[in-house]
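Colleague: I have just opened this model and would like to learn how to read it. Could you walk me through a helix contact and a few charged pairs?

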Amino acid sequence: MDTPTKPLTRRSFLKATAATAGVATVATTIGCAPSGGAKEEGSAPATAPDVQVFSNTCRGNCGNAGCRLDTIVREGKVVSTRQHPIKTKDVGLQPGCVKGPANPQRIYGTHRLLYPMLQTGERGSDNWERISWDEALDLVAKKMKAAFDEYGPESVGFMSSYSGKSGKLGTVYNGFTNFPETRGACGIGPERFFQKTGVTLFTATGDAAGLYMQSVMLGGVTNSAEDSVNAKTIFMLGNTCDSFRTAWSCFMEAKEKGVKLVVIDPRYSNSAAHADQWIPIRQGTDGALLLAACNYIIENDLIDYDYLRNKSVAPLLIKEDGSYLRLSDLGLPLYKKVDATSGKEVEVDSEVVYDEATGEFGSSFEIKDPAVTGTFDADGVSVRTVYDLTRETIAPFTVEFAAEECGLPVETIEDFARTYADGPSFFATYWGFQHLQNSWRIYYGLFLLASLTGNACKPGASYGNALPATQYYKTPVFNTKAALTVEGAKLSKMASLNKVPQIVNSGKWLGEDYTLRMLWIAGANPIECGIGYTEQIEAWKKVDFVVVASEFMTDTTMQASLALPVTMSFESEDFESYLNQKAIDPIGESKSDFEIFVALAEAMGYDDLYDKDAEGYLRELLDTEENISAGLGYDDYRKQGAIYVDEIVRTEAVGQERNATGRTQFYLETLTPNGNWDVEVTPLDRLPYYEPAFEAYASNPLREKYPLFGLSYHDNYTGHSMHNNVPWLNELRGFEGTEGEGEPYTIIHETAAAERGIKTGDLIKVFNDRGSFVTRALVSKGIREDTVNIPRGYAGKEMREGHLQAVTSIDAGDKITNNDSHNDWLCQVEKL
């Protein structure tokens, strides 16, 4: 792969170091000496009397576990953030990445939001006036009360996403599902305010296709990443090397032990560079590849019939309306089983299968080796197996069809199917491949493939988002009932955040009149990272007042009426996997999200909503008799920060099906869209099927005008946009020939570049009918000829012109999961 890299020279290192020293010096008038902190055995050594060591996390929104940082503080300022060394003989379990040591440049960066700022011009104009917290909160309370009085509490919306996970006190993230009755709790600060008021909650949309379909609807289980050492082949969709470092170390250990690694990705990623085989699939066609492999396995009888019959939904009988035939339909006794949760015996109206040996119907939990094919008469009702319906539905998606759709040779697809069937095979999916409108359908095909071959629920065989299972920290039992319960709690409306333009423009919520009068965004950066850049901005303009609470001045903050400064993890105390200690006083006048909600409640006149301060609530959560006796009380954590298990041992966990059928599901009797939205669910939505993406598909007539597929990827140096504007990381992120470290670039294949007269370093414009952006070009062989690729998360000010998200469409979100489909677009590229 022809990818120039920028070396870390002595000159550039000193330049970056000087930049950090400069901002740290500016900060000396702000910070005060911390009051706490202690050095645990194994922590980074305190080399001078004035040095203190604290336990923190970078909150990088990267999905990694165990990334504890030792924060080194001297004279009230953070001078270093180092990965805490884990006491284990297994080097592969050491967590962390290059982002951890770069945190001082985030803490003292010039992009930090330091004070409450009121935008005096139009939103986005970057004209700000500094105001006091009292003025800011009085203004917010005035606006909020007016909205409550005129349109009700639901006219005020709180929007959050995954970066809003800050701990038991301050987490503003309210999930990705949109069912008010079953939503999980936020941190104590936001949660009590939400229950008190009943304001509307707008939820995260990124990765929703995978999270909702795999985890909620299909109820898929996976083995841990550590178990991949027991596989024969690991199949990886996406770039785990950059996006999930903890899991990647597990896969590298497996590879060192002889496990084959196959990476399926339109670009030659860092993961592909380590692979035994790279399959350069056209984006958005993973579903076609999986169904073609299923057909090949069926046609060539590579089926694990024991698993298919006894551990998958293949033999379950369905009626003509798609519902399962159940014991009660035949007047048969209900099946008695022990409930896994209560431990009590319960009666279950289970699904029915047909016993070929006896010619009788019976419970799917009782009959061994039931029929997987056939149509039967069940007391006058015609029923057939799920497997027969599925085979009939996927029949058009042949190997030849997939070769054309995926842009791959027939032989590659056939080899993929044979290799997968010759397991144990470990599919590591994660989220990189599921950012298109058709992505939610992929999971049916993945689960069918596992069912056909028995590559599930056994060592080395997994079919989804394999998380590491190794336990690093002891886990206290939290006393949350009182802290998370508000008398007379109101139920909030809920919707995915990418629904905001539709709601605002129509003035309707499920057909009823609805006005969004005020919007509060926290723990989210949808303008910089979400789909529908233009649609979101235009919709927000119609909202009377927009508040953004953030650590940084982001593209989303720029669209605020009022910006409120939020502390980073180093500046306030909270509990995540361990106690995140307060290492320094807040920079500027920033406050934690917990403190902000407490202050907002006071401004709103809810004087009795919070009866404790942050420490008081943490003590209420932790100081139970059980925790204290186990050495897991608040004072224990205050002293140690993190409390590790006695021995950190690699855990090779094997998942077992936990859905109601007790089987691997590739068919759903009922498919519920993510939220109470009026969408039509068709029979083809409930089983494996393939349909093209919203815009990024080969036969789209629009390709005559915009022939190239656009793709963005999770850059290891930024973690979406969380680590933007960090000089050290920008040096690593950039490449030789660009002006300034970390300047955005677009990767284009050498053939497509030659056709347009483009060379590495040239300024190019990437555009479609919705918008455009200008970057440098990086010409490479490591990308499909029909695809361009750009690291995700660049801020608008980093571009020469335009914005990456301006080429995306809000309409690319899908009807079932409301997924953030930021890779579903076409474009043209021209040299400037």
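**Helix contacts and salt bridges**

Modeller: Gladly! In α12, Val 399, Ala 402 and Ala 403 meet Val 410, Ile 413 and Glu 414 of α13, where contact means heavy atoms within 4.5 Å. Helices here are DSSP runs (H or I, at least four residues), strands are E runs of at least two, and both are numbered from the N terminus. This is a predicted model, in which local features need pLDDT of at least 70 and side-chain atom pairs count only at pLDDT 80 or more, while totals for chains, interfaces and linings use all residues. Residues are numbered from 1 along each chain as its sequence is written, and side-chain values use heavy atoms, with hydrogens and water left out.

Colleague: At what angle do α12 and α13 pack?

Modeller: The angle between helix α12 (residues 399–406) and helix α13 (residues 410–421) is about 115°, and their axes lie 9 Å apart. Axes are lines fitted to C-alpha atoms, for helices over the stretch in contact, and angles run from 0 to 180 degrees between N-to-C directions.

Colleague: Now the charges. How many salt bridges does a search of the whole structure find?

Modeller: Side chains of opposite charge can pair when their charged atoms come close. The search finds 39 salt bridges, each a side-chain nitrogen of Lys or Arg within 4 Å of a carboxyl oxygen of Asp or Glu. One of them pairs Asp 513 with Lys 508, with 2.5 Å between the closest N and O atoms.

Colleague: Is Asp 513 buried or exposed?

Modeller: Asp 513 is exposed, at 63% relative accessibility, whereas Lys 508 is partly exposed at 36%. Buried means under 20% relative accessible area, exposed over 50%, and partly exposed in between (1.4 Å probe, protein chains only).

Colleague: Where in the chain do Glu 573 and Arg 638 sit?

Modeller: These two form a salt bridge, their closest N and O atoms 3.8 Å apart. The pair links distant parts of the chain, 65 residues apart: Glu 573 is in the loop between β25 (562–565) and β26 (574–575), and Arg 638 in helix α21 (residues 634–640). Glu 573 is buried at 18% relative accessibility, while Arg 638 is partly exposed at 33%.
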